[in-house]
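Please read the following note beside the coordinates. The points are numbered so that each can be checked separately.

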Amino acid sequence: MKKFIYVIIFFSFFDLFTQLPVMSTYAESLGASAFLTGLAVGMYSLSNTFGNIISGFLTDRKGPFVILVLGLLTTGLSLSLYNLVENPTTLLIVRFVHGLVAGFIVPAAFTFLANATEQEKRGKGSAISGAFVGIAAIIGPAFSGILASRTSVPFVFNITASCMLLLGILTFFILKSNQIKKEKSTPSAHIPISVFFNNSGTLKAFAGAFFLMFSQGVIAYLLPLKVQSLGFDSRLSGTLMSTFGIIAVLVFILPTNRIFDKVAPIKTLSLGIGLMGVSQLLISQADSSTLLYLAMVCYGIGFGFLFPSINSLLIDSTTADIRGKAYGYFYAFFSLGVVLGSSLLGWLSLGIVGGFIFTGIVLLVFASTILIPYKRPSHA
């Protein structure tokens, strides 16, 4: 059952990463202006934020099984809508629908996984799920970039749609017997939002998720520009991103993943975000491809430590009956981080070097403050 959920997690993030190399050029091919192109790229993450939150609430009320099946089937159908797109306006509508329904999947999947994982193995389990996210990050962009250049963007999405619809059907039959029965009336379902933000553990998990994807947004925005400014071919950007992904996956799957069950997640969280901050500073000063690769190795190790840590912290700080809602907010912060990571630096106009230095300092400050002593968080 867990292995099947890992497959769902892989395809959920595969859907996300296949969009990255093709969406901006696809929007331009439809005649979109620079503004509408940027809006088309960001629309998915914006509506995905709302989808994550809605999924969290529904997961706690209906159970993760129902929401998982609903999310997979509707995401498959929404991906098929790209075949009907003929102008930028239609593309924006489809992007909104796609992001909204795709947001149902991840909170429900991780809630299902967390509730089925023994407490003493939650760190290793989070690392393994992170490995599938990392593999999707490596395979997704290459798959869509190569296939779209030979066929079309809708054709690429049709393949993903077929996988999602098949997974939705399989989920119904495979996970139906494993769903946790929900009581008709659960007092915790009416817990106010403020509870999550007043709890130190969940708050730091949310912040960790935000800064993880904030830094990812900065890397996606500034790294290609840095590579170009040093006079290297654009292909170097792709190999650098692959390097980070491979290193992160190795941290997830090697025996090093045992550390996440033996060391307090707050410490590995701080180490991970600190290494990512250092890597941003290294990139800002890099003047050769060797230094850029070294920086991305550092970034990959940091990512590898951070992702399982924030998942473990969230599991430790919540109970099963409200974990769906917690994961909904958690992945909403993921989406917000991606949007703000690139847009904020664009608005501040700090330049390439200044942008990396600013981000590095922000991450290192967060890594330091996260270790400030606090009372052991009671379950949210």
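1. Helices (H or I, at least four residues) and strands (E, at least two) are taken here as DSSP runs, numbered from the N terminus. Ala 137 is found in one such run, helix H7, which covers residues 122-150. At a relative accessibility of 23%, Ala 137 counts as partly exposed, because buried means under 20% relative accessible area, exposed means over 50%, and partly exposed lies in between (1.4 Å probe, protein chains only). Between Ala 137 and Phe 244, which are 107 residues apart along the chain, the C-alpha separation is 9.8 Å.

2. On provenance, this is a predicted model, in which local features need pLDDT of at least 70 and side-chain atom pairs count only at pLDDT 80 or more, whereas totals for chains, interfaces and linings use all residues. Residues are numbered from 1 along each chain as its sequence is written, and side-chain values use heavy atoms, with hydrogens and water left out.

3. The pLDDT, which is the predictor's confidence in each residue on a scale from 0 to 100, has a mean of 85 over the chain, and 92% of the residues reach 70 or more. Over residues 181-189, however, the pLDDT is below 50, and this stretch has 11 contacts in the model beyond near neighbours in sequence, a contact being heavy atoms within 4.5 Å. Where pLDDT is low, the predicted coordinates should not be read in detail.

4. How many salt bridges does a search of the whole structure find? It finds one, under the criterion of a side-chain nitrogen of Lys or Arg within 4 Å of a carboxyl oxygen of Asp or Glu. The partners are Lys 325 and Asp 60, whose closest N and O atoms are 3.8 Å apart. This pair links distant parts of the chain, with Lys 325 in helix H15 (residues 323-348) and Asp 60 in helix H3 (residues 34-62), 265 residues apart. Lys 325 counts as buried at 2% relative accessibility, and Asp 60 counts as buried at 3%.

5. Another lysine, Lys 204, is found in helix H10 (residues 200-229) and counts as buried at 12% relative accessibility. Lys 204 and Asn 83 are 121 residues apart in sequence, and their C-alpha atoms are 41 Å apart in space.

6. A nonpolar patch on the surface is formed by Leu 73, Leu 166, Ile 169, Leu 170, Phe 172, Phe 173 and Ile 174, which together have about 620 Å² of accessible area. Patches are made of residues with over 30% relative accessible area and no salt bridge, like charges being joined within 9 Å and nonpolar side chains (Val, Leu, Ile, Met, Phe, Trp, Tyr) within 5 Å; the areas come from the Shrake-Rupley method with a 1.4 Å probe, and for residues only the protein chains shown count as cover. Helix H8 (residues 153-174) supplies the largest share of the patch, six residues. Leu 73 lies in helix H4 (residues 64-80) and is partly exposed, with a relative accessible area of 31%.

7. Helix H4 also holds Thr 75, which counts as buried at 0% relative accessibility. Leaving aside neighbours within four places in sequence, Thr 75 is in contact with Asp 15, His 98, Val 101, Ala 102, Ile 105 and Met 164. Thr 18, in helix H1 (residues 2-19), likewise counts as buried at 0%; with the neighbours within four places again set aside, Thr 18 contacts Gly 140, Phe 143, Ser 144, Phe 157 and Thr 160.

8. Two helix lengths can be compared with the expected span, which is 1.5 Å times one less than the number of residues. Helix H14 (residues 289-316) has 28 residues that should span 40 Å, and its end C-alpha atoms are 41 Å apart, which agrees; 20 of the 28 residues are buried, so H14 is largely enclosed by the rest of the structure. Helix H6 (residues 105-116) has 12 residues and reaches 17 Å from its first C-alpha to its last, close to the expected 16 Å. Of the 12 residues of H6, 10 are buried, so H6 is also largely enclosed by the rest of the structure; among them are Pro 107, Phe 110 and Phe 112.

9. Finally, two loop residues. Ala 264, in the loop between helix H12 (259-262) and helix H13 (265-285), is partly exposed at 35%, and its C-alpha is 8.6 Å from that of Leu 313, 49 residues apart in sequence. Thr 319, in the loop between H14 and H15, is partly exposed at 26%.
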